[in-house]
Amino acid sequence: FADNVTGAAPNDQAYGLAQCRADVNASACLACLDGSARHMAATCPSQKEAMLIYDECLLRHSNESFFGAADILVRFWYWNTQNTTEPEEFRSRLGALMGNLTVRAAFVSPRMFAAGETAVTPFVNIFGMAQCTRNLAADDCNRCLVSAVAFIPNCCDGKQGGRVICRSCSIRFEVYPFYNVQAAQEAMSPAAAPVPGGGPINGSDHSVPRNTGE
């Protein structure tokens, strides 16, 4: 994670933020952000504000400061095309898992990232992830994630997986491990607290995207 501002105040400044998923290693993080920067330069060359979100990283810039401001409006959502076979039990287990991950990401994890799993049946587990941009206050992170989780019935009810993405946070769940389990556990430990200003991120995908057109 890193954020920065360049230019002369008050009317000629650019604000930028880069962040990788907390379980992604440094080389994958660099590759994702490098590709994002090239894509943004090619796709949005004259835009004063832009944001690109990939599975492993996000990149955002604006001519106005957005640092520390929680934007909880849902911008994009995706769902796994496969349906669950135990919808009621799945829904209950998913709600409990995402609620737990929301609290852990907002108030416990040093990188505002949490990942974990829960069993639905002896043969089916749900893997979940919650993450905020790391310049948010804990309460704002929680508010963003709660909003994202509350959107699940609108996008992904009865599905084996889904993602909800806001500018300030994102959540995801699947029935397969889409993150590095060991690296995720390490990222959530107190020893993983990042250095201020920066710091040192994986499964098949059957998702269908939808967004708000922004």
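**Surface, strands and helices**

Reply: The accessible surface of the protein chain comes to about 10600 Å², and 54% of that belongs to carbon and sulfur atoms. This is a predicted model, and its chain has 5 helices and 10 strands. Of the 214 residues in the protein chain, buried ones make up 44%.

Me: What makes Val-74 count as buried?

Reply: Buried means under 20% relative accessible area, and Val-74, at 10% relative accessibility, therefore counts as buried. Val-74 belongs to strand β5, which covers residues 74-80. The C-alpha atom of Val-74 is separated by 9.1 Å from that of Ser-170, although the two residues are 96 apart along the chain.

Me: Why is Asp-12 called exposed?

Reply: The word exposed requires a relative accessible area over 50%, and Asp-12 has 55%, so it is exposed. Asp-12 has its place in strand β2. Leaving aside its neighbours within four places in sequence, Asp-12 is in contact with Thr-6 and Gly-7. Asp-12 and Asn-63 are 51 residues apart in sequence, while from C-alpha to C-alpha they are 7.6 Å apart in space.

Me: How do you know that β2 and β4 pair?

Reply: Two strands pair if there are at least two bridges between them, and strand β2 (residues 12-20) is joined to strand β4 (residues 57-62) over 6 bridges, in the antiparallel sense. Within this pairing, Ala-18 stands opposite Leu-59 in β4.

Me: What is the order of the 4 strands in the open sheet, and why do β1 and β3 stand at the edges?

Reply: The open sheet formed by these 4 strands has the order β1-β2-β4-β3, with antiparallel pairing. β1 (2-8) and β3 (50-53) each have a single partner strand, so one side of each is left without a neighbour in the sheet, and these two stand at the edges. From one strand to the next, the twist averages 10°. Helix α1 (residues 26-43) lies across β2, β3 and β4, and runs at about 40° to β4.

Me: Why is strand β7 described as largely enclosed by the rest of the structure?

Reply: A residue counts as buried when its relative accessible area is under 20%, and 7 of the 9 residues of strand β7 (residues 124-132) are buried, so the strand is largely enclosed by the rest of the structure. Strand β6 (residues 113-121) is joined to β7 by 8 bridges, and the two run antiparallel. The bridge partner of Glu-117 in β7 is Phe-127, and a hairpin joins β6 to β7 through 2 residues. β7 also pairs with strand β9 (residues 169-174), in the antiparallel sense and over 6 bridges, where Gly-128 stands opposite Phe-173 in β9.

Me: How do you know that the buried residues of helix α5 are on the same side of α5?

Reply: In helix α5 (residues 181-188), the buried residues are Ala-183, Ala-184, Ala-187 and Met-188. They cover an arc of only 135° around the axis, which puts them on the same side of α5. What covers these buried residues of α5 includes α2 (87-107) and β6.

Me: What is found at the start of α5?

Reply: There, a side-chain oxygen of Asn-180 reaches to within 3.2 Å of the backbone nitrogen of Gln-182 at the start of α5. A polar contact calls for N or O atoms within 3.5 Å, and the distance between these two atoms, within 3.2 Å, meets that cut-off.

Terms used:
Residues are numbered from 1 along each chain as its sequence is written. This is a predicted model: local features need pLDDT of at least 70, side-chain atom pairs count only at pLDDT 80 or more; totals for chains, interfaces and linings use all residues. Side-chain values use heavy atoms; hydrogens and water are left out. Buried means under 20% relative accessible area, exposed over 50%, partly exposed in between (1.4 Å probe, protein chains only). Axes are lines fitted to C-alpha atoms, for helices over the stretch in contact, and angles run from 0 to 180 degrees between N-to-C directions. Contact means heavy atoms within 4.5 Å. Accessible areas come from the Shrake-Rupley method with a 1.4 Å probe; for residues, only the protein chains shown count as cover. The arc is that of the directions from the helix axis to the C-beta atoms. A polar contact is a pair of N or O atoms within 3.5 Å; within protein, one must be able to donate a hydrogen and the other to accept it, and residues adjacent in sequence count only if both atoms are side-chain atoms.
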